[in-house]
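Here is a walk through one protein model, written for someone who has not seen it before. Please keep the sequence and the 3D view at hand while reading.

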Amino acid sequence: MTVTESAVRGAAMPSEPDVTPAVLIERAKAMVPALVARQHETEQRTYYAEDTHRAFRDAGFYRITVPKRYGGYEFGFDTFLQIAMILCRACPSTGWMYCLGAAHSLFAGSMFGEKAQAEIFSGGDFIAPLVNAPYGTARRAEDGGWILDGVWRYCSGAPYATHLIGNTVIAGDDANPPRRLLFIAPRDQWEMLDDWGGQLGLRGSGSHSIRISGGHIPDHFGIEVNFEEISVTDGTPGRELHEHPQYGGAPASSMALEGAHIAVGMCQGALDAYTELMFSRTTILPPFLPRAEDPDYQLWYGRASGMIDAAETLVLAASRRWHELSEQPVGAFTPEEDLRIAVTCREATELAWRAVDEILQPTAGSPAVREGTRLERVWRDLSTGRTHASSAVLLTTVANRGYAQLRLQSARR
């Protein structure tokens, strides 16, 4: 498997001064039919096609939250999330790969200093998987930079990525546990491994591993911090650099928002597939009515639709809350508010999943969930998505406990 250098880099198109978020959203909607039709092909390749990548690039999808001073649109993160949800509704693998690659221009524009940002955003478009598990090691280089070694797994977006944002431990450190390094590594410092595609679902999500062997990054491309301890209560470099206050928003809840919009988009796609069955299939008992005219199917359809609509309402409200907190003075986006948004995202995801797992998939009928059907693929992708570390561990346990502790502390005061 190869990804051509031209496809990775591309010719960065200049920002369109008159483009609006609404225009980008309409561009995403126009791509839906082609993405639906190419789902099998995307799974076989294990990532979306180069012409899809070029279409995303030409549409401006890789610079939605790239800061204006570096040629980006600097649109709100909510615009990015809506586009990701549309793409996930069409093809979960494509939407996942796009979202978890392109979303992190927001993180880079928030957490890294001005010198680093000027370099990492120099190409205009920005795609960077973010791996928060501390793989590999870092050691000081003679010039004061860092030497990186290791393999970082589940790097969604790797095939067309311009960078990797990763976490690692600092080798030879006497601290217990050893200190950690959050780093950003340009593509010329790493290689993508051909190790994706054998999973139950999300086979086309481009979640390959990345190997770094003696990779070198300058000192300003590394931040000595434990990823899970990042706080924005004292401000961020991005809040000082950029006009949009979103570069001071909390990163943990922004990533929870990514996962929730992905999940809701997938479930909307499952409902789309079920809607087609409502008109194309009949009941299995006389008088063999079209399912759309059968009271039982109407009941199931209505309940599932309501659950998915409610989940969408929750994630959109959570996104608005994230932006509202970002716009308030530094210090307002507390750890408690951060976790509040994260657990709201978890509840929205669970609600949408139940609509698919408990209603749509069981009542669709066996032919509708044969291998290769749209509903079967969405169910596989959703099931695999639920095993993601942030969904399976962080949001269901760590975030829950942390939120409870902070709320109880507030209640005591």
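In this predicted model, domain 2 and domain 3 bury about 620 Å² between them. Of that area, 66% lies on carbon and sulfur atoms. On the domain 2 side, the residues that lose the most area to domain 3 are Leu200, Leu202 and Arg203. Together these three residues make up 66% of what the domain 2 side buries. The contact draws six residues from domain 2 and nine residues from domain 3.

The C-alpha centres of domain 2 and domain 3 lie 30 Å apart.

These two domains belong to a chain that is divided into three parts: domain 1 spans residues 21–121, domain 2 spans 130–226 and domain 3 spans 249–412. A UniProt annotation from an unreviewed entry, "domain: Acyl-CoA dehydrogenase/oxidase N-terminal", covers residues 37–118. Over residues 37–118 the chain is 67% helix and 0% strand.

Side chains of opposite charge can pair when their charged atoms come close. The structure as a whole holds 26 salt bridges. One of them joins Asp51 and Arg38, with the closest N and O atoms 3.1 Å apart. Asp51 sits in helix α4, residues 50–59, and Arg38 sits in the loop between α2 (21–37) and α3 (39–45). The two residues are 13 residues apart, and their pairing links distant parts of the chain.

Glu74 lies in the loop between α4 and α5, the latter being residues 77–90. Glu74 is not a glycine, yet its phi is positive, at about 55°. Another loop, between α10 (251–280) and α11 (295–327), contains Pro287. The peptide bond that joins Pro286 and Pro287 is cis, with an omega of about 10°.

Conventions:
Residues numbered from 1 in each chain as written. Predicted model: local features only at pLDDT ≥ 70, side-chain atom pairs only at ≥ 80, totals over all residues. Heavy atoms only, no water. Domains from an automatic or database assignment. Contact = heavy atoms within 4.5 Å. Buried area = accessible area lost by both parts, 1.4 Å probe. UniProt positions renumbered as here; feature names shortened; annotations may be inferred. Helix = DSSP H or I, 4+ residues; strand = E, 2+ residues; numbered from the N terminus. Salt bridge = Lys/Arg side-chain N within 4 Å of Asp/Glu carboxyl O.
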